[in-house]
Amino acid sequence: PSFLLPQNCERDRDARIPRQLLPFPPASRPSDPPAATYFRERKRTRAPTAPGPSPHAAVEMRHGRAKAARRTLQFFKLNTEGNIAPPYKVLVDGTFLVAAVKNKVELFGRVQRMLQNEKFSFFVTRADLDELLLLDEKAGADAPFAGARQFGLDECTILEPGQIPPDEAGDGDDGAAPAPSGAAVSAYDAVRRLIGRRNPAGYLVASQDDGLLSTLRRTPNVPVLRLHRGVLCLDTPSGASKGTAVGRERGKLLDLSKEERTIVGAAREQEKEGRAAAREREKGRQGNVR
């Protein structure tokens, strides 16, 4: 209707009026949509876009990994009687070195940050270096095996076959007799022999070999380093390591006197009652909210 248009304004001049000032398009324009469609289109908003990553997400992830690594190192230090403690001994194998070269990982800086800036040394077996040499001879010029082997030669302490201890359980699953110390063994067996049953030398093992990592997770007191998409990770203690720690604490409890065991039992009961009371308070607060 004309009474809704601004005063002293003719219909043939309403094209000069901004569309925002008109309640609906003038009827003189057959190409304009109806009023209802017009307002519906004006009110239509753009679909909300998914929020982008927080600028602090990467920093929070790094802090989380550093905190988890600090807890893991403290666990092994307390439960191995200082056997796994600074200066750390990092035993790397060929698969880990190849992955580091492929992903262009600066190992010294990454490992130093992971180990809380403590002193450490790299170790590699001669069997791993020989395996990398054989792979490099079969591969092309762009293969990372030569670079991985060169890092082992330049930056690592090389463990010769004579330094590999005898196998405690045989080299195979067929019950074969243990091979003598100093005999030629595969890279896998060389690392497994160095770790033994309880990692007496206190190595941190860095590997990408799934079979070796599976064996190490069944062995107590073996910290494991690996690369996940170019990010260095320190695995949390395995079930075998946690079980050994629990058994060690139970052994300490058995060595206590009767009076000391009574005190420990009372402290545990008090802690249990405190947790139960906290749960009851939480249930009460949830009931009040409802």
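The structure is a predicted model, in which local features need pLDDT of at least 70, side-chain atom pairs count only at pLDDT 80 or more, and totals for chains, interfaces and linings use all residues. Residues are numbered from 1 along each chain as its sequence is written, and side-chain values use heavy atoms, with hydrogens and water left out.

The protein chain contains 10 helices and six strands, taken as DSSP runs numbered from the N terminus (helices: H or I, at least four residues; strands: E, at least two). Of its 290 residues, 32% are buried, meaning under 20% relative accessible area with a 1.4 Å probe, protein chains only. Among contacts (heavy atoms within 4.5 Å) between residues at least 6 apart in sequence, 56% join residues at least 24 apart.

The six strands build an open sheet with mixed pairing, in the order β3-β2-β1-β4-β5-β6; two strands pair if DSSP finds at least two bridges between them. At the edges lie β3 (157–159) and β6 (231–234), each of which pairs on one side only. Neighbouring strands of the sheet are turned against each other by 30° on average, direction ignored. Within the sheet, β1 (residues 88–92) and β4 (residues 203–206) run parallel and are joined by four bridges, with K89 opposite Y203 in β4. By contrast, β5 (residues 224–228) and β6 run antiparallel, again with four bridges, and here L225 stands opposite L234 in β6. These two strands, β5 and β6, form a hairpin with two residues between them, and R229 in the turn has a positive phi of about 55°.

Turning to the helices, α5 (residues 126–138) lies across β1, β2 (120–125) and β3, and runs at about 60° to β2. Axes here are lines fitted to C-alpha atoms, for helices over the stretch in contact, and angles run from 0 to 180 degrees between N-to-C directions.

Helix α7 (residues 187–195) and helix α8 (residues 210–217) have axes that come within 11 Å and cross at roughly 15°. The two helices α7 and α8 are therefore roughly parallel to each other (angles under 35 degrees).

Key:
Buried < 20%, exposed > 50% of the residue type's maximum accessible area, 1.4 Å probe, protein only. Parallel < 35°, antiparallel > 145°, perpendicular 65-115°, else oblique.
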